[in-house]
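Subject: Handover of a structure for your study

Dear colleague,

Please find below the structure that I am passing on to you. I would ask you to look through it first and then to read the notes that come after it.

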Amino acid sequence: MAQTETHHFQAEIQQLLNIVIHSLYTDKEIFVRELISNAADACEKLRFNQSAGTPVYQSEIAPTITIVTDEKAGTITITDTGLGMTHAELVENLGTIAHSGTKAFLKQLSEEKKPDVGLIGQFGVGFYSSFMVAKRVTVLSRSFATEESGWQWTSEGMGGYELAPAADLPRGTKITLELKDDAKDFAQESTVERIIERYSSFVPFPIELNTKRLNTVQAIWARNKNEIKPEEYNEFYTFIGHDHDAPLFRLHFNADAPLAIQSLLFVPSRNFETLGMGRIESEVNLYCRKVLIQAKAKGLFPEWLRFLKGVVDSEDLPLNISRETMQDTSLMQKLNKVLTSRFLKFLDEQSEKEAEAYDKFYNEYQRFLKEGIVTDFTHKEALGKLLRFESSSLDAGKRTSLADYVKRMAAEQKEIYCLLAANRAAAEASPYFEVFRERKLEVLFLYDAWDEFVMEHLREFEGKSLRLAEKADLNLSAKKDSALSEDAAKTLAQWLKETLGDKVSEVRVSQRLVESPAVIVDADKFMTASMRRMMQAMKQDGPEMPATKHDFEINPAHPIMARLDAMRQKDAALATSVAEQILDNARVAAGQLEDPRAMLTRLNQLLEKVLTKE
Ligand code: ADP
Ligand code: MG
């Protein structure tokens, strides 16, 4: 054609193209995302011009995106009815480095050991990704400006491109890729459909693939909350969460400062981790202006919120962000902090407003909150507010927050008391509970094996220390009538220490027992028994840890103690046996008798003795 002009690419563009053409990049499919997002931009700009009242060529044609694959010809064609390009714009946009991103991208590519071409779109040079898969690219474009006409731009990527007039084009741009032999896959409808679903499901203009309408689900996170119906939210959740049950909670949250964030988060109705599916992975996807940047974005939320599903869209994603370093960037950290704080605040609000749903949430997800307390210092306080426990002051099955516990505390109570037990019956029958019952002090009942560590890490709440019941420094409000005098009780304690020897570290007269004859108390002020067990388990082959030693507290008001005192004068052997048995009984009550065999032998001997006496 006589009018065909030949142009050279600018040096940087050619350099970029050389890399793109020869890249062994595995995610070549992203060229679809880039061309569709350019088409969507063009549609957006057209709409803007229309609404501004600028005269528009063929203004009756609505902005849409059409994709056609042709397996026989080995081509894929992407057409949009957006604003199109003039001759000058084709030269400027598809061949020069008008975009400062080119240089930045080249620099990034040369600096990285494994250059990530996938980020090409973030640098404003996405168009050139088509040369990863195409041996020739043809662009037909007709600007929306009424006085303009159509042009054809063609290039094989090396050297330059040709420009020629093209008559009778409709408004917009049509890009045809003649695929390389190793990229013929992209001429297959099913392949392209999958790619569009992955990256471009929420593009705000209709996308048709071989006459089939694809993106029917809207990017509702970018819409006004007040205009969205609950069904729309649920439909969206089903789509992105691949879960047909309605979510338990959803948080639609937008912010302008400190970062521009549009986010829509969901809590699935069930905890998939306990359903035997193994460790779950966060399913929150990161978008930039409705186009997927990273699926299951790492670092967007802390690990302990990995049950969340949803979308975070931020316009603030910088150009130099790379998949490997994404996690470390201060932007990701900022996003993480803002999002996490907001989500925890949301949970706190829900616990008030939607108590029943929160209860269900807690049943499913409490272990995640506790994991957060143990592993993440940053949000400890906010997480502490979300904990719930049964309590001696509430009916069975009802749970309280620490905040409500604190509200109920009497002025002189300084600590929050917690009792570790297998269940409510065990807690109420525990010797450690006796003093609390007698003094009418509220105790939280902790049934989860993790709770001890959680309390250890939390340490305090609203300035009140968390104290395990067994370590509480408490006496009964009134002295019980006792068969043993104070002196006699002390002497008995001394005798017990001599008799039990190394099995106990100290024997003393208890001020806190009502119904139990005796109780053991951890001698170690810092490490509790279950922690010690855990440490032992961790060094399986290592040397045995020194045996647990306990302080032994006796209840002088208990009839067993009075009779034991009498018996030790009459039958020292029997008294010794009984003393050992009482200690083992106390160990059983504390859940700390590891090997019951010796105890059973002794108990049988005692029974035998009782029966022969009759
Ligand atoms: P970016 O989209 O980030 O600007 P690209 O390399 O993807 O970078 O595209 C370069 C430019 O080419 C765009 O900014 C736009 O001006 C123009 N362009 C690309 N595709 C189209 C299209 N389908 N319609 C109109 N203009 C387009
Ligand atoms: Mg682009």
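The notes below go from the whole chain to single helices, strands and residues.

This is a predicted model, in which local features need pLDDT of at least 70 and side-chain atom pairs count only at pLDDT 80 or more, while totals for chains, interfaces and linings use all residues. Residues are numbered from 1 along each chain as its sequence is written, chains are lettered from A and ligands numbered from 1 in the order in which they are written, and side-chain values use heavy atoms, with hydrogens and water left out.

**Confidence and overall make-up**

The pLDDT is the predictor's confidence in each residue, from 0 to 100. Its mean over the protein is 88, and 90% of the residues reach 70 or more. Residues 319-324 have a pLDDT below 50, and this stretch makes 19 contacts in the model beyond near neighbours in sequence; a contact means heavy atoms within 4.5 Å.

The protein has 19 helices and 22 strands. Both are DSSP runs numbered from the N terminus, with helices being H or I of at least four residues and strands E of at least two. Of the 614 residues, 49% count as buried. Buried means under 20% relative accessible area, exposed over 50%, and partly exposed in between, with a 1.4 Å probe and protein chains only. Among contacts with a separation of 6 or more, 72% come from residues 24 or more positions apart.

Helix α8 (residues 330-353) has 24 residues, and its first and last C-alpha atoms are 34 Å apart, close to the 34 Å expected at 1.5 Å a residue. The expected span is 1.5 Å times one less than the number of residues. The buried residues of α8 include Leu-331, Leu-335, Leu-339 and Phe-343. Among the elements that cover the buried residues of α8 are β10 (249-255), β11 (261-267) and α9 (355-375).

Helix α17 (residues 559-570) has twelve residues, which should span 16 Å at 1.5 Å a residue; the 17 Å between its end C-alpha atoms agrees. Which residues of α17 are buried? They are Met-561, Leu-564, Asp-565 and Arg-568. Seen down the axis of α17, its buried residues fall within an arc of 100°, so they line one face of the helix. The arc is that of the directions from the helix axis to the C-beta atoms. Arg-563, Gln-569 and Lys-570 are exposed on the other side of α17. The buried residues pack against α15 (486-500), β21 (518-522), β22 (550-554) and α18 (572-589).

**An open sheet**

Nine strands form an open sheet of mixed pairing, in the order β1-β6-β5-β4-β7-β3-β2-β8-β9. Because β1 (5-8) and β9 (212-213) stand at the edges with a single partner strand each, one side of each is left without a neighbour in the sheet. Two strands pair if DSSP finds at least two bridges between them. Strands β5 (residues 150-155) and β6 (residues 160-166) run antiparallel and are joined by six bridges.

**Single residues**

Leu-35 lies in helix α2 (residues 30-51) and, at 2% relative accessibility, counts as buried. Leaving aside neighbours within four places in sequence, Leu-35 is in contact with Ile-78, Phe-127, Ser-130, Ile-175 and Leu-177.

The structure holds zero disulfides, a disulfide being a pair of cysteine sulfur atoms within 2.5 Å. Cys-418 counts as buried at 1% relative accessibility.

Yours sincerely
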